[in-house]
Amino acid sequence: MAFQDFFNLWNERLFFYFLKKTKDEESACELTQLTFIKMWEYRSSLSEEYSLEVQLFRKAKLIFIDWLRKEATLRKRKEAEESFYASSINSITKHSETEKLHSALDQLPPMRRKVIELSHLRGYAYKEIAEQLNISVKTVDNHVYQALKQLRRIMMSFFL
């Protein structure tokens with residue numbers, strides 16, 4: 001019966017102690033219960049040197065520190081999962097956009113596609129493209145202009 005009296009005396013105060021620290025009623029309730037369970041489990045090792053109140057709140061402090069560590073670990077794990085999820089979505093989006101770009105490039109006339117691939121995907125200068133394809137630099141410029149204009153229209157239709 002002594003433990004019941006001890007519980008009744010300190011339960012509310014301990015609950016509000018945890019509520020103030022966690023700002024969450026469910027967590028405060030769980031931590032309060034856990035503290036009393038630990039006090040019961042270690043009742044044989046309680047010291048007569050310190051009051052029960054001091055020992056109760058020392059145990060509560062240790063339980064709260066353990067709870068904080070667990071919460072930090074859970075938060076880090078959740079952040080890592082969210083980061084992985086975001087990077088996966090980003091990768092899928094990039095893959096999807098790449099597929100759309102290749103599909104749009106396939107819709108260009110062959111010469112225009114070749115010019116835009118050489119200039120924008122492989123990084124060749126207009127002069128190098130002109131020499132490679134035996135056309136003038138002005139023709140390369142015109143193909144690039146027309147290809148970009150056509151690609152914009154095609155890509156807009158994909159996203160709308």
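Which residues of helix α5 (residues 126–133) are buried? In this predicted model, for which local features require a pLDDT of at least 70 and side-chain atom pairs count only at pLDDT 80 or more, totals for chains, interfaces and linings use all residues. Residues are numbered from 1 along each chain as its sequence is written, and side-chain values use heavy atoms, with hydrogens and water left out.

The buried residues of helix α5 are Ile129, Ala130 and Leu133, where buried denotes under 20% relative accessible area, exposed over 50%, and partly exposed the range in between (1.4 Å probe, protein chains only). Helices are taken as DSSP runs of H or I with at least four residues, strands as runs of E with at least two, and both are numbered from the N terminus. Viewed down the axis of α5, the buried residues fall within an arc of 100°, so they line one face of the helix; the arc is that of the directions from the helix axis to the C-beta atoms. On the other side of α5, by contrast, Lys127 and Glu131 are exposed.

Just after α5, Asn134 adopts a positive phi of about 55°, and this residue is placed in the loop between α5 and α6 (137–159). Asn134 is exposed, its relative accessible area being 70%. A positive phi is also found at Lys23, a residue other than glycine, where the value is near 60°. Lys23 is situated in the loop between α1 and α2 and is exposed, with a relative accessible area of 70%. As background to these two cases, most residues other than glycine have a negative phi.

Beyond the loop that holds Asn134, Thr139 is found in helix α6 and is partly exposed, with a relative accessible area of 31%. The C-alpha atom of Thr139 is separated by 9.4 Å from that of Tyr126, the two residues being 13 residues apart along the chain.

Salt bridges were considered next. Side chains of opposite charge can pair when their charged atoms come close. With a salt bridge defined as a side-chain nitrogen of Lys or Arg within 4 Å of a carboxyl oxygen of Asp or Glu, a search of the whole structure finds three. One of these pairs Arg13 with Glu53, the closest N and O atoms being 2.8 Å apart. Arg13 belongs to helix α1 and Glu53 to helix α3 (residues 52–106), so this pair ties together parts that are 40 residues apart in sequence. Both partners are partly exposed, Arg13 with a relative accessible area of 45% and Glu53 with one of 29%.

A further salt bridge joins the side chains of Glu41 and Lys38 at 3.7 Å, N to O; both residues lie in helix α2, three residues apart, which is about one turn of the helix. Glu41 counts as partly exposed at 45% relative accessibility, as does Lys38 at 27%. Asp66 and Arg69 likewise form a salt bridge, in which the closest N and O atoms are 3.5 Å apart, and these residues both lie in helix α3, three residues apart, or about one turn of the helix. Within this pair, Asp66 is partly exposed, with a relative accessible area of 39%, whereas Arg69 is exposed, with a relative accessible area of 55%.

Patches are made of residues with over 30% relative accessible area and no salt bridge, like charges being joined within 9 Å and nonpolar side chains (Val, Leu, Ile, Met, Phe, Trp, Tyr) within 5 Å. Lys and Arg count as positive and Asp and Glu as negative, while His and the chain ends are not counted; the place of a charge is taken as NZ of Lys, CZ of Arg, CG of Asp or CD of Glu. Accessible areas come from the Shrake-Rupley method with a 1.4 Å probe, and for residues only the protein chains shown count as cover.

A positive patch is formed by Lys20, Lys21, Lys23 and Lys61. Of its members, Lys21 is found in helix α1 (residues 2–22) and counts as partly exposed at 40% relative accessibility, whereas Lys23 occupies the loop between α1 and α2. A negative patch is formed by Asp24, Glu25, Glu26 and Glu30, among them Glu25, which lies in helix α2 (residues 25–41) and is exposed, with a relative accessible area of 57%.
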